[in-house]
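This briefing reviews selected features of one protein model. It is arranged by topic for a reader who has the sequence and coordinates at hand.

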Amino acid sequence: MSYSLGIDLGSTFVAAARAKAATVEAVPLGDRSVVTPAAVYLNGDGTLATGEAASRGAVSSPDRIGREFTRRLGDPTPVVLGGESYAVTALLGVLLRDVVAQVIETEGAPPDRVALTHPTSWGPFRRALFEEAAQQAGLFNSSMITEAEAAAAHYTATRPLGDGETMAVYDLGGYTFDATVLRMHSGGVEIIGKPERNEALGGGDFDEAILSHVNDTADGALTKLAMRRPQTSVALSRVRQQCIVAKEALSTDTETTFPVSLPIRTLDVHLTRSAFEDMVRAPIESTIQALSRALQSAQVEPADLSAVLLVGGSSRIPLIARMVSAELGCPTVVDTHPQHVVALGAATHAAHATHPRYAVPQRSRQQQEQRLVSQSTTTAPPTTNGVLDTHPQKRDEQPLIPAQRPAEVLPTAAIPTQRTPPHEATATTARHVTPKQAPPPPKPPPDRKRLPRVLLAAGAAVAVSAVIALATFGGSNDTQAPAPAISKPAPKPAPAAVTSVRPNVAIPSASAFIAVGKTPSFVAVAPNGRHAYVVNGDAQVITVVDTAVNRVTATIPIVAGPPQFLTFAPDGRTLYVTISNDQATKHAIDVVDTVTNTEIATVAQPASPFHPAISPDGKQLFVANHDIGSVSVVATATNMVVGQIRVPPNPHGIAFARDGSRAYTANHNSNLVSVINIATGAVVATIPVGSGPHSIAVHPNRPLVANVNYQSNTVSVIDTNALKVVATIPVGQQPKDITWAPDGRFAYVVNEGSNTVSVIDATTAQVTATIPTGVGPTSIALLPNGRQAYVTNLDSGTLTVLELAR
C-alpha cells in the first residue's frame, strides 16, 4: 500500500512518520526508541555511521562524532570528525538518506511523497541550504514545512479549529526552543507575528543541571578527574547518559536514584522532582517570556488562544505545562509522545500535498561502486543499494557555503581535548563519504575607507559539550573547586580533536535603542527577566522597561532623593535603591515593592551608598558606603542596619559568592579588592588589582571574580581559591561595569570612555568582540536566558539593546 513520509530532523533526534490510508503512525528508527540520534560518526575505515550506531561509537571516541547539524546550518566552518572536514549539508544529507533508506526497508517500498520540517524562524538562506542537503540525499521532489505548521497540522487533524481561531506552539527540543503563533483559515494555518527562537536553550541544559548536581553530590569528583585519560571520557559519557535517563524518569516519577560510576569511585545519586524543578525553573521561565513576546508580536491575547501545543521531547517535563498554564491562563496540549508530533504532522502534510511524487533514482551496481570510491570534490553522500542517490556535482558548480578551514579550538586549560582509537560502528547505517577537503583561507579584502563598527571574533571556536559543562563547574562552594589557569592566553592547538560542533563564540550586536529619559545611569533586570529597571538620577525616578516589547511601561518616583544603584531580592518582589546627591546631604536606601511599584520603606545610611548586593538567601543586604570606607549590613526582614564592616577607602562595587559565604568589594581609591567572611563579618583578605577598581562580578560556576579598573583600562580576574589575580585583560577606555553571562562563557564590560562594550571569553581571557553603544555607557544587565543585554547610555538618554547570541 502506498504511503507518504514525514521527517523531522531536529538538533538532537530524528523522527519519521508515515501516512497510509486513514492512519498516521510514527516509524521506528532506533532499536529501543522510535526516534534516533541526529548524529554522524566517522569509522576508522572512512565510512560514516548515523543514529544509534554513531552514539555507540562516540562513547570511546568522542572526537569522531558530529551533532546538532541544524544549528550549524549556515555556518561556513566545516564539521570536523576525527580530523576530517565535512560540510554541514553533506552530513545532513547522510542523515536524511539513512532515515529514508531505513523507512523503505521497514515498509518494503519507497514513499509516494516526502515532507521535511525545518525551524519556523529560518529565512530563505537556511532553507536553501536545507533543500541542498535534501537533494544530496536524493530527495529531489520533497516538500518543506515549518515545524510549527506541522505540529498544528497533527493537532487539527483530530481536533479541528474554526476559521480565525489561534493557537501557539511551544517547542522545546534538545538544544533549541521555538515559540510560534498560528491562525486557522479555510486553506489551513498561517503563522502570524514574529516567531521566537533560542538556539542556546533546551533539554541539554537540563541534563547539565543534573550533571552539576552529581558533581555536588560527589563533592566535586567530576572536576577532579584526570581528563587526559581515555577512560575518563568514557566514564563521563556514561554519567551524562545516566543524567538523561534520570531527567526522563522524573517526568513520571516524583524521585529517582541512579548509579554513577567514575574511575575513582562509585556512588548512587538521589534526585527528587521538586529539586530538579528548582534547577530548571529559571530557563523554563525564559521560554515563557519568549512565548509571550511571540504573542505580543502577533497581537494575540493569551485568553484568545484555543490551545498551546507543547511539542519536543523536553516538553514532557510536568513543570512546563503547569507554568505555561499558570502564566497564560489557557489550556495546554501535550501529546503522549511529543517527540513525534512534528513528524506526524509532516506526514499528514505530505499526504495532502500536491507536489510531484517521490521518485527512486535507478543506477547500475557498477555506477554505485564508482560513486562510492570517487575522490571528486563533491560533498554529496553516495548511492546505497540503488535506493537513494545524489547527482554528481558539476565541476563548475560551487556549494552555497564552501567549506573552510576548521576553526581553531580553544579548550579549557583544565580539560584538554583528546584523541582515542576509533570505535568501529558495525550497524547497517555505516556509509562511506569522501571528506570535504577544506580550501585555503581566502585572501584578505583590500583596505577600505570605512571600517565596520562592530568587531567580531574571527572564527567560531568549537567546544566539547560534555566536558565544557564540567570545566565551568565550581561546585556549590567557590572556595573548593580547582581554579582554571587563565593567566595566559591558551595556545592554539591543532583542530583535529574537535569533539562537538556546538558554537562557542558569541556573535553580539546592538539591535535597538530605547529612549528612557535623561541621565540613565544604572540598569538592573528583574530575576524573571520581564522588566528592566533604569535609574534616572536627575529626574529622581526609576524607569521600567518591558523586555518583551522593549518599551517603557512605567516610572516610579523616588521621593527620598536621586537614585543611584539597584538590586533585587531573589524573588524579584522587592527592589533596593541606593540614594545620594552631589552635596552629600542625602544618603539612604529606598525599598520598592515591584508589584505595586511603590516605595514601602527608607533605610538611613551613614554616607553616600553605592552598589548594593543581596545575599543568595535574601536575608542580608550589603551596601558599599563610598565616602567612609565601610559596608552596611541590612536585615531585609526588618529593613534595619544591623552592622558595619570596615573596608579600605571608597568601596564602589560589591558582590556575594554563590554560596553566600563571602562578599567581595572593589575599593576604588585603594586599588584593592576586599574579601569579607559573612559568618564573622571580618575582612579576611585584600587583593591588589589595577588602578581604580569599580564594578565587580562573581563567575556563576567557576572560582573566579572579575573587576573593572577604571583608570588602568583593564579587567582583573581573581582566583577565589588562591585569592590572587590570575589574569589582567586590556579593554576599552574607562571600564565602568562588568557582568558575566548566565552560563559563564563570557564577561561583558562597559567602557564609558570608548562608548563600547567589550566581550571577554572566560576560557582564553581575551576580548573576542567590541560592540558600539550610545554615548556615555555606564552599566549593563543581562536577561536570565543570556540572549539580550541592556546598556545605560548616560549622555544619550537611552538603553542600548544587545543581541548576544544567534
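Contact here means that heavy atoms lie within 4.5 Å. The model is predicted. By that criterion, and leaving aside its neighbours within four places in sequence, Tyr170 is in contact with a set of residues that includes Phe177, Asp178, Ile284, Thr287, Leu291, Val308 and Val324.

**Nonpolar cores**

- The largest nonpolar core has 47 residues, of which Tyr170, Ile284 and Val308 touch the most other members.
- Helix H8 supplies the largest share of this core, namely nine residues.
- A second, separate core holds 36 residues, among them Val88, Leu91, Leu96 and Phe130.
- In soluble globular proteins, nonpolar side chains tend to be buried together.
- The contacts of Tyr170 also include Leu309, Leu310, Val311 and Ile320.

**Helix H8**

- Helix H8 covers residues 273-298; at 1.5 Å a residue, its 26 residues should span 38 Å, and the 35 Å between its end C-alpha atoms agrees with this.
- At Val280 the helix H8 bends by about 50 degrees, and a proline, Pro283, follows within four residues.
- Gln299, which follows H8, has a positive phi near 60 degrees.

**The sheet S35-S36-S37-S38**

- Four strands make up an open sheet in the order S35-S36-S37-S38, with antiparallel pairing.
- Strands S35 (651-656) and S38 (682-688) are at the edges; each has a single partner strand, so one side of each is left without a neighbour in the sheet.
- On average, neighbouring strands of this sheet are turned by 20 degrees against each other, direction ignored.
- S35 and strand S36 (residues 662-667) run antiparallel and are joined by five bridges.
- Pro651 has Asn667 in S36 as its bridge partner.

**Two buried loop residues**

- Ser11 belongs to the loop between strand S1 (4-9) and strand S2 (13-20).
- The relative accessible area of Ser11 is 7%, so this residue is buried, the limit for buried being under 20%.
- Apart from its neighbours within four places in sequence, Ser11 is in contact with Ala38, Glu68, Thr70, Arg71, Gly174, Tyr175 and Thr176.
- Gly82 lies in the loop between strand S8 (79-81) and strand S9 (84-86).
- With a relative accessible area of 11%, Gly82 is likewise buried.
- Gly82 and Tyr41 are 41 residues apart along the chain, and their C-alpha atoms are separated by 8.8 Å.

Definitions and conventions. Residues are numbered from 1 along each chain as its sequence is written. This is a predicted model: local features need pLDDT of at least 70, side-chain atom pairs count only at pLDDT 80 or more; totals for chains, interfaces and linings use all residues. Side-chain values use heavy atoms; hydrogens and water are left out. Two strands pair if DSSP finds at least two bridges between them. Axes are lines fitted to C-alpha atoms, for helices over the stretch in contact, and angles run from 0 to 180 degrees between N-to-C directions. The expected span of a helix is 1.5 Å times one less than its number of residues. The bend at a residue is the angle between axes fitted to the seven residues ending there and the seven starting there. A nonpolar core is a set of buried Ala, Val, Leu, Ile, Met, Phe, Trp, Tyr and Cys residues joined through side-chain atoms within 4.5 Å. Buried means under 20% relative accessible area, exposed over 50%, partly exposed in between (1.4 Å probe, protein chains only).
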